[in-house]
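Colleague: Could you walk me through this one? I have a few quick questions.

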Amino acid sequence: MISTLNLRSIWVLLFLTYSALLAYGSLYPLAAWQAERLFDLSFLWAAWPRKITRIDLLTNLFVYVPFGILATRALFQRRYSLAHWLAVCLLGAVFSTAMECLQLFVPNRVASNIDILANSAGVA
């Protein structure tokens, strides 16, 4: 039988692994970063694009669902309250925003406030 401590360690390992895979997918290709690119955060409050593809929106939404589930299981053991849910939502929003900000330095990647919103909704 798996003890509670070992089970929690498994959830933490799964959460960290999935987070690393999300970071890899968000920042691919990992080579040829352009450090001289301007760190312009104006995308955070930019107007919504005229065209939002359904597949891009759904992909960003559903790829963060496991992040929310794994974060909840890794951070909280038995009971889940509104405060726990808000903490996981905040963690997901911060992680998503960090990935989008880092995409500013990756060639052929576009940082988008819509992606942050969809990712955060997936975590919730």
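Predicted model: local features only at pLDDT ≥ 70, side-chain atom pairs only at ≥ 80, totals over all residues.

Colleague: Start with Ser-112. Where is it?

Modeller: Ser-112 sits in the loop that joins helix 4 (82-102) to helix 5 (113-123).

Colleague: Is Ser-112 buried or exposed, and why?

Modeller: Ser-112 counts as buried because its relative accessibility is 16%, and the cut-off for buried is under 20%.

Colleague: What does the side chain of Ser-112 reach?

Modeller: The backbone nitrogen of Ile-114, at 3.1 Å. The atom on the Ser-112 side is a side-chain oxygen, and the pairing is found at the start of helix 5.

Colleague: And which residues is Ser-112 in contact with, leaving aside neighbours within four places in sequence?

Modeller: Phe-43 and Glu-100.

Colleague: On to helix 5, then. How many of its residues are buried?

Modeller: Nine of the eleven residues in helix 5 are buried, so the helix is mostly covered. Among them are Asn-113, Ile-114, Asp-115 and Ile-116 at one end of the list, and Gly-122 and Val-123 at the other.

Colleague: What do those buried residues of helix 5 pack against?

Modeller: They pack against helix 2, helix 3 and helix 4.

Colleague: Change of topic: aromatics. How many aromatic pairs in the whole structure?

Modeller: A search of the whole structure gives five aromatic pairs. One of them is Phe-67 with Phe-95, which is stacked, with 5.2 Å from centre to centre and 25° between the planes.

Colleague: Which parts does the Phe-67 and Phe-95 pair tie together?

Modeller: Phe-67 belongs to helix 3 (residues 65-75) and Phe-95 to helix 4, so the pair links parts that are 28 residues apart in sequence.

Colleague: Which aromatic cluster are they in?

Modeller: Phe-67 and Phe-95 form one aromatic cluster with Phe-15 and Tyr-64.

Colleague: Last topic, the surface. Which residues make the nonpolar patch?

Modeller: Tyr-24, Tyr-28, Leu-30, Trp-33 and Leu-102 make a nonpolar surface patch of about 500 Å².

Colleague: Where does Tyr-28 lie?

Modeller: In the loop between helix 1 (4-27) and helix 2 (54-63). Tyr-28 has a relative accessible area of 48%, so it is partly exposed.

Colleague: Thanks, that covers my list.

Terms used
Residues numbered from 1 in each chain as written. Heavy atoms only, no water. Helix = DSSP H or I, 4+ residues; strand = E, 2+ residues; numbered from the N terminus. Buried < 20%, exposed > 50% of the residue type's maximum accessible area, 1.4 Å probe, protein only. Polar contact = N/O pair within 3.5 Å; in protein donor to acceptor, adjacent residues only side chain to side chain. Contact = heavy atoms within 4.5 Å. Patch = residues over 30% accessible without salt bridge, like charges linked within 9 Å, V, L, I, M, F, W, Y side chains within 5 Å. Areas by Shrake-Rupley, 256 points an atom, 1.4 Å probe, with all protein chains shown as cover. Salt bridge = Lys/Arg side-chain N within 4 Å of Asp/Glu carboxyl O. Phe/Tyr/Trp six-rings, centres within 6.5 Å; stacked < 30°, edge-to-face > 60°.
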